[in-house]
Amino acid sequence: VIINISASPYHAGKGRFREQMIATRASDNASIVAFCNLVGGQDELVFDGHSVIFDQSGAVLARGKQFEEDLIVADLDLEAVFRTRLHDPRRRKEKLHLSQKGANNVRKVRLTGEPAGPSSRESEEGKCSLPERSVEVLEETEEIYRALVLGTRDYVRKNGFEKVVLGLSGGIDSSLTAVIAVDALGVDNVIGVVMPSRFSSDHSREDAYQLGENLGLRVLTLTIEEPFQAYLQTLSEVFEGREPDVAEENLQARIRGNLLMALSNKFGWRVVATGNKSESSVGYCTLYGDMSGGLSIIKDVPKMLVYQLSNHRNRAAGVELIPKRVMDKEPSAELRANQRDVDSLPPYPILDGILKAYVEEDRSVGEIVGMGFDDQLVRRVVRLVDVNEYKRRQASPGIKITPRAFGKDRRLPITNSYRESST
């Protein structure tokens with residue numbers, strides 16, 4: 001019996017890969033393998049449990065739950081291991097007495113809580129006192145969602161916080177972040193803040209309040225118009241003669257960040273950022289604005305996966321926790337009139353495809369273009385990823401759910417003039 005006491009961090013699909021690998025090791029070595037994995041969150045990492053025991057042929061004997069602590073008690077047939085080794089041509093040189101010793105000479109240690117009696121599985125009446133159970137591997141979307149919930153709960157609780165606060169914009173990112181936070185911490189420990197500006201649409205405000213009502217959230221309203229006017233007045237002389245641009249847009253995001261941090265300082269609430277991986281990859285975010293916070297829950301979640309997780313959570317609830325209009329509306333930062341994300345970025349299905357190839361798969365520009373993406377668009381996206389490394393270095397930690405997350409998984413020099421040639 002090989003016992004592997006492990007701390008194997010999670011990413012989407014890791015459990016299935018891990019099971020295949022361990023099953024192969026068990027079969028190759030004609031040994032029972034018991035894999036015992038850590039459960040819980042630690043900074044960006046989530047350890048998913050998913051402990052498992054394989055027999056000498058690579059078949060599953062028992063499997064533990066994912067994303068929660070579990071106790072597995074299983075009887076191991078050591079005689080079967082010896083028989084398998086006797087008939088394994090790779091092991092003909094092993095001494096025969098190993099098979100003759102059998103399981104009777106194995107030293108048995110009684111586990112705390114293990115039922116007493118002649119068998120570890122049977123009571124005196126001969127009935128199984130530990131009923132057999134089947135733990136199935138979670139479907140990938142549910143698996144990712146559970147990882148985000150566990151990572152959020154442990155990050156907040158283990159760092160001594162009780163409550164979190166986040167901005168509610170009426171968009172899909174803040175909506176999903178709020179739902180995850182409620183599932184992780186309970187509705188009484190999550191506070192939403194609606195911070196409308198002159199550019200906030202009526203439907204965005206309505207959707208933010210509707211989300212709060214659906215979840216039972218405490219929702220505060222802090223308008224940013226007056227502080228925004230004060231900033232514009234203060235800067236009017238030095239900005240004179242220049243048209244409004246990203247400077248005025250970012251002022252609004254930073255005012256919102258300041259308000260959230262003020263609430264954090266006053267009440268001890270941990271600020272949760274709501275940006276996704278697609279945005280942070282290309283720098284479509286504001287330093288000291290929407291990037292402010294102690295934790296960025298969906299930092300490693302690409303935009304299209306945000307929609308997938310949102311739909312999944314609504315289906316699981318059987319109601320529209322996240323309003324349908326939030327799902328259907330065109331994404332917008334609403335920092336200027338009639339603003340749309342696609343005015344600054346490629347459509348998210350295309351952007352996410354390029355980002356996955358470049359960030360997670362380490363593909364070159366030429367390889368990505370060979371996948372069918374436009375050459376100039378690929379170069380533009382790659383350049384945005386590279387030049388915005390300085391922003392990501394200053395971002396709060398986020399929960400890793402992809403094979404390669406920004407931060408520990410992928411760090412480039414900020415000062416780096418190298419660019420791939422056009423050939």
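Tutor: One term to begin with. Buried means under 20% relative accessible area, exposed means over 50%, and partly exposed is in between (1.4 Å probe, protein chains only). By that rule Asp300 is buried, at a relative accessible area of 2%.

Student: What kind of model is this?
Tutor: This is a predicted model, where local features need pLDDT of at least 70, side-chain atom pairs count only at pLDDT 80 or more, and totals for chains, interfaces and linings use all residues. Residues are numbered from 1 along each chain as its sequence is written, and side-chain values use heavy atoms, with hydrogens and water left out.

Student: And what is the average pLDDT of the chain?
Tutor: The chain averages 87, and 89% of the residues score at least 70. pLDDT is the predictor's confidence in each residue, from 0 to 100.

Student: Where does pLDDT stay under 50?
Tutor: Over residues 114-131. The model has 24 contacts beyond four places in sequence for them. Contact means heavy atoms within 4.5 Å.

Student: How many helices and strands does the chain have?
Tutor: There are 15 helices and 11 strands. Helices (H or I, at least four residues) and strands (E, at least two) are DSSP runs, numbered from the N terminus.

Student: How much of the chain is buried?
Tutor: Of its 423 residues, 48% count as buried. The accessible surface comes to about 22,100 Å², and 51% of that belongs to carbon and sulfur atoms. Accessible areas come from the Shrake-Rupley method with a 1.4 Å probe; for residues, only the protein chains shown count as cover.

Student: Back to Asp300. What does Asp300 form a salt bridge with?
Tutor: Lys277, with the closest N and O atoms 2.9 Å apart. Lys277 lies in helix α9 (residues 277-282) and Asp300 in the loop between β11 (295-296) and α10, so the pair ties together parts that are 23 residues apart in sequence. A salt bridge is a side-chain nitrogen of Lys or Arg within 4 Å of a carboxyl oxygen of Asp or Glu.

Student: Is Lys277 buried or exposed?
Tutor: Buried, because its relative accessibility is 4%.

Student: How many salt bridges does the structure hold?
Tutor: It holds 23. One of them joins Lys303 and Asp173, at 3.1 Å from N to O. That pair links distant parts of the chain: Lys303 is in helix α10 (residues 303-317), Asp173 is in helix α5 (residues 172-185), and they sit 130 residues apart. Both Lys303 and Asp173 are buried.

Student: What about Asp183 and Arg313?
Tutor: Their side chains meet in a salt bridge too, at 2.7 Å from N to O. Asp183 is in helix α5 and Arg313 in helix α10, again 130 residues apart. Asp183 counts as partly exposed because its relative accessibility is 27%. Arg313, at 16%, counts as buried.

Student: Which residues are linked in a network of salt bridges?
Tutor: Glu206, Asp207, Arg325 and Lys329.

Student: New topic. How many disulfides does the structure hold?
Tutor: It holds 0. A disulfide here is a pair of cysteine sulfur atoms within 2.5 Å.

Student: Is Cys285 buried or exposed?
Tutor: Buried, because its relative accessible area is 13%. Cys36 is partly exposed, at 43%.

Student: Last one. Where does Ile5 lie?
Tutor: In strand β1 (residues 2-6). Ile5 is exposed, with a relative accessible area of 73%.
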